[in-house]
Amino acid sequence: MKKLHIETYGCQMNVADSEVVASILSPYYTITDSLREADLILLNTCSVRDNAEQRIRKRLRELASLKKKNKNLLLGLLGCMAERIKEQLLEQEKALDFIAGPDAYRSLPQLIEGASLGNTSFNVLLSEKETYDDIDPVRYDSNGISAFIAIMRGCNNFCSYCVVPYTRGRERSREPKTIIEEAQNLFEKGFREVTLLGQNVNSYYWKDVLSNMDFADLVEKIAQISPLLRVRYATSHPKDISDKLLLIMAKYPNVCHYIHLPVQSGSNNMLKKMNRVYSREYYLERIRKIKEILPDCAISTDIIAGFCGETEQDHQDTLNLMKEVGYEYAFMFKYSVREGTKAAEKFEDDITEELKIKRLEEIIALQQQLSLESNKRDIGKTVTVLVEGISKRSDEYLFGRNSQNKVCVFPKKHYKIGDYVEVKIVKCTAGTLIGEAL
Ligand code: SAH
Ligand code: SF4
Ligand code: F3S
């Protein structure tokens, strides 16, 4: 059989999509880690910020040299960059043989066949229905313990800065039966954690003659598969996170006490321009509710520094919101204009690069401090860790995460990957809890 090498960039959704692609191509290709062995190389790409795209363009130049050595090697580009730039990408990047957008993966065998006959080909059609729900993903890069399950695709929110609604198309939910079966099968194969994925999982909704399900109902169904199966999810849009979901999280100990709730900015002016459709006050009320129903819940966020027209006061409002929430973790970015978005059309990208960097650095420094403080509060506590692997630093240590999604490291003893271990935390860094198994 021929050999396929896949490189995945961008978000967890892309990781899940690469597993779908591996499945669609499994009659023709087996997966290889090695570039040298590959007959086909696929890059599953991200367009969310300009630097994500630049990185992929650089990678394409590196891979072009491999094609000189191996005339039969095919190179294809998948994902959001294919969707955003479309067929012009084939003109700009001569090394590419074909491109396929996120809803076009079922046509990959045909695209590859065309390319092998020397025709560059593309399919960037978006679909209102495609969820790949009948495809059993090939978990080729898995630890055998945790897996992603895509429960929906697309996004309808049109935050003004964001390219995702254009690259991923309209929001659509996947049939619950197929999601529950996938989770059940994973559990039977020994997996102990599933993360339900969507751009905005809280707006998951399915209705047919048999069922009528929202996201909280779906989480409950997955939680009921087994108390030994941990359930996580990402990402939540603050506008839709319901008390019903929080109560389900409190009811089932195997639903992890961790919520990724991107705020983007702490300033109402910015939130309005970003089209986030909530206010700072509404967001803080949701945080208060989370802490009331789930007192030990960890909360993380995404923040954009230097969005159009951001004043020093807006920036300070982001910093003081971060302190008020006391985030466990944050993904922090400089604003990057994306052509075709509302922000690119309507607002001027008027914050200098220097100032964006300065503000981002202040945000990062504050988060580092908040993460460290949060971890210090865990010293002396006993947490349940699901073991995911051997620590990178030492063979004598295992690592895993607790319910709050914090990485915990502890001496191995007789424990193994996939075990649940009670670990007493003795020290920490901003990124890791270090403990002893009890
Ligand atoms: N659906 C998720 C996140 C998708 S993209 C959500 O709504 O939260 C991940 C993060 O990238 C976003 O939360 C945002 O913080 C960031 N991002 C998106 N577009 C960006 C842009 N143009 N510039 C900088 N950061 C951006
Ligand atoms: Fe982008 Fe907003 Fe959709 Fe998230 S919710 S993917 S930030 S448009
Ligand atoms: Fe990037 Fe597309 Fe995900 S733009 S963040 S890979 S949805």
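Modeller: Lysine 67 is buried, at 17% relative accessible area (buried is under 20%, exposed over 50% and partly exposed in between, with a 1.4 Å probe and protein chains only). The model is predicted: local features need pLDDT of at least 70 and side-chain atom pairs pLDDT 80 or more, while totals for chains, interfaces and linings use all residues, and side-chain values use heavy atoms, without hydrogens and water. Residues are numbered from 1 along each chain as its sequence is written, with chains lettered from A and ligands numbered from 1 in the order in which they are written.

The partner of lysine 67 is aspartate 97, in a salt bridge whose closest N and O atoms are 2.7 Å apart (a side-chain nitrogen of Lys or Arg within 4 Å of a carboxyl oxygen of Asp or Glu). Lysine 67 sits in helix H2 (residues 50–69) and aspartate 97 in the loop between helix H4 (88–92) and strand E5 (98–100), so the bridge ties together parts 30 residues apart in sequence. Helices (H or I, at least four residues) and strands (E, at least two) are DSSP runs numbered from the N terminus. Aspartate 97 is buried too, with a relative accessible area of 14%.

The structure holds 39 salt bridges. In another of them, glutamate 220 meets lysine 251, with the closest N and O atoms 3.1 Å apart. This pair links helix H8 (residues 215–223), which holds glutamate 220, to helix H9 (residues 243–251), which holds lysine 251, and the two residues are 31 apart. Here glutamate 220 is buried at 17% relative accessible area, whereas lysine 251 is exposed at 54%.

A further salt bridge joins glutamate 324 and arginine 280, at 3.8 Å from N to O. Arginine 280 belongs to helix H11 (residues 280–293) and glutamate 324 to helix H12 (residues 312–325), so parts 44 residues apart in sequence are tied together. Glutamate 324 is exposed, with 53% relative accessible area, but arginine 280 is buried at 13%. Salt bridges with shared partners also connect Asp243, Glu285, Arg286, Arg288, Lys289 and Glu292 in one network.

Back at H2, serine 47 lies in the loop between strand E3 (40–45) and that helix. Serine 47 is buried, with a relative accessible area of 1%. Its side chain makes a polar contact of 2.7 Å with the side chain of glutamate 53 (N or O atoms within 3.5 Å, one able to donate a hydrogen and the other to accept it within protein, and residues adjacent in sequence counting only if both atoms are side-chain atoms). The side chain of serine 47 also reaches the backbone oxygen of cysteine 80, at 3.4 Å. Beyond neighbours within four places in sequence, the residues in contact with serine 47 (heavy atoms within 4.5 Å) include Met81, Arg84, Val163, Thr167 and Arg338.

Among the residues around ligand 2 are Cys155, Cys159, Cys162, His237 and Arg276.

Key. A residue is near a molecule or strand if one of its heavy atoms lies within 4 Å of it.
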